[in-house]
Amino acid sequence: THLHEVEIKSHTDELTRFNIQTRDVLNAQWIERNRGNSLADLLKSMPGVTTLGSGVAIAKPVIRGLHSNRLVTVNNGIRQEGQQWGADHGTEIDPFSSNKIEVIKGASSVEFGAEAIGGVVRFSPREFKDTKGINGELILNTASNNGLGASAIMLEGMHGNKHKLSWRANGSLRKAGDSRTPDYVLSNTAYEEISGNYALHYQYKNFHA
């Protein structure tokens, strides 16, 4: 059988022709459907990302075999330094607080610093409220195997017209006992996590603080 050649053609614009940045994103809808999972479980669902863990709630991302001080973790625009050390230092970020998770790989990741040779994991909260008023959100999760109970509350508001003052507060609690198999208990798998944060945003014309 004689097979003729196959031509594969691609067309792109000038703005993206030289973009060698690889970016994978978990959007708000996907995170919403997986709120009960730990941060490590969320990260493992992304292509090319595994985790290095030393406990149920202690895990850090691994990209292309690199982790710790070979990766950069950015949370709300601020570098998260705690996960850079040994295996016992996981990523100390509340999974309820992020509205979007990005994994950036490739040569463009070095714009975040020399430590980003493996890649960048960026966590982004939701945008500040831009209409007047106050609203909130309450999330409850439970699991029967280990008696997991998780709750998270978010309140946000915006005040003013010319001088806009926005705020957002998050609080969450996750607590679980030891996990079980049909025949025995998996000892030392219980955990408890408590997290809270508050953010304030001021805007006047094109000035933001």
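The model is predicted: local features need pLDDT of at least 70, side-chain atom pairs count only at pLDDT 80 or more, and totals for chains, interfaces and linings use all residues. Residues are numbered from 1 along each chain as its sequence is written, and side-chain values use heavy atoms, with hydrogens and water left out. The protein chain has 3 helices and 14 strands; helices (H or I, at least four residues) and strands (E, at least two) are DSSP runs, numbered from the N terminus.

**Overall build**

- Taken along the principal axes, the box filled by the C-alpha atoms of the protein chain is roughly 65 × 60 × 35 Å.
- The protein chain has 209 residues, and buried ones make up 34% of them (buried means under 20% relative accessible area, exposed over 50%, partly exposed in between, with a 1.4 Å probe and protein chains only).
- Among contacts in the protein chain with a separation of 6 or more, 56% are between residues 24 or more positions apart (contact means heavy atoms within 4.5 Å).
- The protein chain has an accessible surface of about 13,000 Å², and carbon and sulfur atoms account for 52% of it (Shrake-Rupley method with a 1.4 Å probe; for residues, only the protein chains shown count as cover).

**Nonpolar cores**

- A nonpolar core is a set of buried Ala, Val, Leu, Ile, Met, Phe, Trp, Tyr and Cys residues joined through side-chain atoms within 4.5 Å.
- The largest nonpolar core has 14 residues, and Leu 43, Ile 101, Val 121 and Phe 123 have the most contacts inside it.
- Two or more residues of this core come from each of α3 (39-44), β6 (100-105) and β7, and α3 gives the largest share, 3 residues.
- Beyond its neighbours within four places in sequence, Phe 123 is in contact with residues including Leu 39, Leu 43, Val 74, Ile 93 and Ile 101.
- Another core, of 7 residues, lies apart from the largest one and has Ile 139, Leu 148, Ala 150 and Ala 152 among its members.

**Cavity**

- On a 1 Å grid over the protein atoms alone, a cavity is a set of points where a 1.4 Å probe fits but cannot get out, and a pocket is an open set with protein on both sides within 12 Å along at least five of seven lines; lining residues have an atom within 4 Å of a point.
- Grid points are joined across faces, edges and corners, and a volume is the space filled by probe spheres set on the points.
- The count comes to 1 cavity of 30 Å³ or more, and the largest cavity has a volume of about 150 Å³.
- It is lined by 17 residues, of which Phe 96, Ser 97, Arg 126, Met 154 and Asn 170 are the closest to its centre.
- β10 gives the most to the lining of the largest cavity, with 4 residues.

**Second largest pocket**

- The volume of the second largest pocket is about 270 Å³.
- Asn 75, Asn 76, Ser 97, Pro 125 and Asn 197 are the closest to its centre among the 18 lining residues.
- β7 (119-124), β10 (163-176) and β13 (191-204) each give two or more residues to the lining of this pocket, and β13 gives the most, with 4 residues.

**Gly 196**

- Gly 196 lies in strand β13 and is exposed, with a relative accessible area of 57%.
- Not counting residues up to four places away in sequence, Gly 196 touches Asn 170 and Gly 171.
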